[in-house]
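Have the viewer ready and follow along.

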Amino acid sequence: MIKSEFAWMNGKLLPFAQATTHVSAFTLHYGLAAFEGIRCYKRNDGRSAVFRLREHVERLIYSAKICDTIIPYAREQIESACLETLRANKLDEAYIRPLAYLGPGALGLGSRESPVELIVIAFPWGAYLGDDAHKRGIRVHISSFTRGHLNNIMSKAKISGQYINSVLAKREVVGMGYDEAIMLDSQGCVAEGTGENIFMVYRGRLYTPPLSMPILDGITRDAVITLAQENGIEVVEQSFTRDMLYAASEVFFTGTACEVTPVREIDKITVGSGEPGPITRKLQAAFTAAVKGGNDSHPEWLAYL
Ligand code: PMP
């Protein structure tokens, strides 16, 4: 159970237990909602900052737009709602979850009667894939579920109903004893994790799938590409196959929840030496320095609390 004191709901902070919706809410039935996952970090200097708040809120707004709905708040208001929710809950380090959903109205699929409601909740959330994940790396399995075709899922949007694909894939591999799943697209190319983008080092070059594939335009992916370039590492945005992944010397996931997480095993095949490799380590350190302090070359990525 998520523990929190206050939730921001349609412009007001409410005691957490009172932030509820009706059983006839459109989104509860059909899954049409846009959401975000954002992290606030306590930095080495003691101050707290939300990482890339603006980009996350912009993506929330365009996710809603892709759903053919409009959130009735401006970007600045949504950013303030996130910060207010953190302050009300006295959180200096947290995961923030804004969600724009359709409330009660008619249930016809084409109905536009339901109001767009916006909520923001925030709560502490440690390492998403386990305490050891960042240090040792995780074990993953390729899912038997395919990432939807580009014209089936709207992959550039974080739409609640689309996450059934990810939830089924995650449950499948966790049930098999793995930490996370890799999703292939309908062509058989490597797409992403259930809630992460993927990178691999193959024959000494760093690859990640291009945005023309059915993957989320991850904000951590973008940050890691920038940090790689700043560290003299070229990133090739090119589709690749499952067998290239098996031959890769390094594989890692990026995402708000998992940050930069090394992968040490795929389908019982050891990645590289089984230890996180040098490029993974370098980018992990650069990312930590950006979010926690140490590399202050990206002040535009930080929204101080
Ligand atoms: N892919 C999917 C499907 C996701 O849900 C996420 C998490 N938002 C990511 C990738 C990583 O995106 P970001 O770095 O913006 O959190």
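## Around alanine 34

Leaving aside residues up to four places away in sequence, alanine 34 touches Leu60, Ser63, Ala64, Pro98, Leu99, Ala100 and Lys158. Keep in mind that this is a predicted model. Alanine 34 sits in strand β3, which covers residues 33–35. Its relative accessibility is 2%, so alanine 34 counts as buried, the limit being under 20%.

## Around histidine 56

Histidine 56 belongs to helix α2, residues 53–66. With a relative accessibility of 1%, histidine 56 is counted as buried too. Its contacts, again not counting residues up to four places away in sequence, are Glu36, Gly37, Ile38, Phe51, Ile219 and Thr256.

## The second largest pocket

Now for some open space. The second largest pocket has a volume of about 230 Å³. It is lined by 16 residues, and those closest to its centre are Tyr41, His134, Glu259, Val291 and Lys292. Two or more lining residues come from each of β4 (38–42), β6 (94–102), β15 (259–266) and α8 (278–292). Helix α8 gives the largest share of this lining, five residues.

What is the lining of the second largest pocket like in residue type? It divides into nine nonpolar, three polar and four charged residues. Both domain 1 (6–123) and domain 2 (133–292) supply at least three residues to the lining of this pocket.

Technical notes:
Residues are numbered from 1 along each chain as its sequence is written. This is a predicted model: local features need pLDDT of at least 70, side-chain atom pairs count only at pLDDT 80 or more; totals for chains, interfaces and linings use all residues. Side-chain values use heavy atoms; hydrogens and water are left out. Helices (H or I, at least four residues) and strands (E, at least two) are DSSP runs, numbered from the N terminus. Buried means under 20% relative accessible area, exposed over 50%, partly exposed in between (1.4 Å probe, protein chains only). Contact means heavy atoms within 4.5 Å. On a 1 Å grid over the protein atoms alone, a cavity is a set of points where a 1.4 Å probe fits but cannot get out, and a pocket is an open set with protein on both sides within 12 Å along at least five of seven lines; lining residues have an atom within 4 Å of a point. Grid points are joined across faces, edges and corners, and a volume is the space filled by probe spheres set on the points. Ala, Val, Leu, Ile, Met, Phe, Trp, Tyr, Cys and Pro count as nonpolar, Asp, Glu, Lys and Arg as charged, and the others, Gly among them, as polar. Domain bounds come from an automatic or database domain assignment.
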